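I opened this entry to keep track of what I looked up, in the order I looked it up. The structure comes before the notes.

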Amino acid sequence: MHQNKSLRPLYFPLYFLLYFLSRNLNDVERTTVFYHFMLHEFFHLGQGISSYRYHYTDYAPRALLRVDYYADAVAALALYELYRQFHPPGWVPEPSWNRNLARLIRLAVLDMEVFTAFEHAYPLQSISWFSFRRYLQWHFQYARARQYGTDTGTLESFNLLETPDLVLGGIDAQDALYRTDTVFTKPQLLVIGWKAKLHEFSSEVENFAGHLVDAVLRGDLESSNRLFADAFFVHPNLVGR
Ligand SMILES: [Zn+2]
């Protein structure tokens, strides 16, 4: 949506409200999204990011992507530890650590979506390189959390603070616009830089990259989770197996 920028602060509470009404969240989930938002912004203060540097999404997107990922990860880990110790009312813990983490990542993604919905027409038809890369990282971490081997894996070995680098279909131009109707021609390649290693995955699913773009734009973590499953089968070390 193109609004007068000076009026944006007035629009924001309305967006927040409308967005949450469109999502089926209970009270504790709504509060968690808000906590994630506050922790993320609070952490930015120490990172030297303030609202006047918001134009860095255009000017220095790779640098901002990196520090933004870190703020999201720290916020999610802080909530994980707080909830583990203090059991907020209404929050029924999952039986395993990775399920609890996946749940918090899902709510962190909702926090990001509020901002994207604020900047673009809603529902989303397309998003920028910056937003897409940011979501793709978190859809990947959600899928990792869902599928992480719990026999030997721990929260420490999961390593949420490690920034994943994902490149889809060989397309990584900073001026790229990712659309719901994207059809990528072959090769359907997903390249994942994780820790010190490069993981290359070539999918058999027709228009794999297009489906992944579609899942990200719809905020459909379950669809992207299924798409990542094949990549984890080929590279089991990504999910601690
Ligand atoms: Zn941020």
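**Strand 5 and its sheet**

I began with strand 5 and counted its buried residues: of its 6 residues the number buried is 0, so the strand lies largely in the open. I note here that the model is a predicted one.

Next I looked up the sheet to which strand 5 belongs. I found 3 strands in an open sheet, ordered 2-4-5, with antiparallel pairing. Strand 2 (165–168) and strand 5 (197–202) are the edge strands, and each has a single partner strand, so one side of each is left without a neighbour in the sheet. From one strand to the next, the twist averages 15°.

I then checked how strand 5 is held to strand 4. Strand 4 covers residues 189–194 and pairs with strand 5 in the antiparallel sense over 6 bridges.

**The nonpolar core**

I turned to the largest nonpolar core, which has 48 residues. Which of them touch the most other members? I listed A76, I105, A108, V109, Y142, L212 and V216. I then asked which elements supply at least two residues each, and wrote down helix 2 (27–47), helix 4 (61–86), helix 5 (97–119), helix 6 (129–147), strand 2, helix 8 (208–217) and helix 9. Helix 5 gives the largest share of this core, with 9 residues.

**Helix 9**

I followed helix 9 along its length. This helix runs over residues 221–234, 14 residues in total, and reaches 20 Å from its first C-alpha to its last, close to the 20 Å expected at 1.5 Å a residue. I did find a kink of about 30° in helix 9, centred on F228. F228 is also among the buried residues of helix 9, which are L221, S224, N225, L227, F228, A231 and F232. For the spacing in that list I noted that residues three or four places apart point the same way, because an α-helix has 3.6 residues a turn.

**Confidence**

Last, I looked up the pLDDT values. The protein averages 84, and 83% of the residues score at least 70. Among its elements, helix 9 has the highest mean pLDDT (96), while helix 1 (residues 8–22) has the lowest (63).

Technical notes. Residues numbered from 1 in each chain as written. Predicted model: local features only at pLDDT ≥ 70, side-chain atom pairs only at ≥ 80, totals over all residues. Pairing = 2+ DSSP bridges. Helix = DSSP H or I, 4+ residues; strand = E, 2+ residues; numbered from the N terminus. Axes fitted to C-alpha atoms, helices over the stretch in contact; angles between N-to-C directions. Expected span 1.5 Å × (residues − 1). Bend = angle between axes of the 7 residues up to and from the residue. Buried ≥ 20, exposed ≤ 12 C-beta atoms within 10 Å, placed from the backbone. pLDDT = per-residue confidence, 0-100. Core = buried A, V, L, I, M, F, W, Y, C linked by C-beta atoms within 7 Å.
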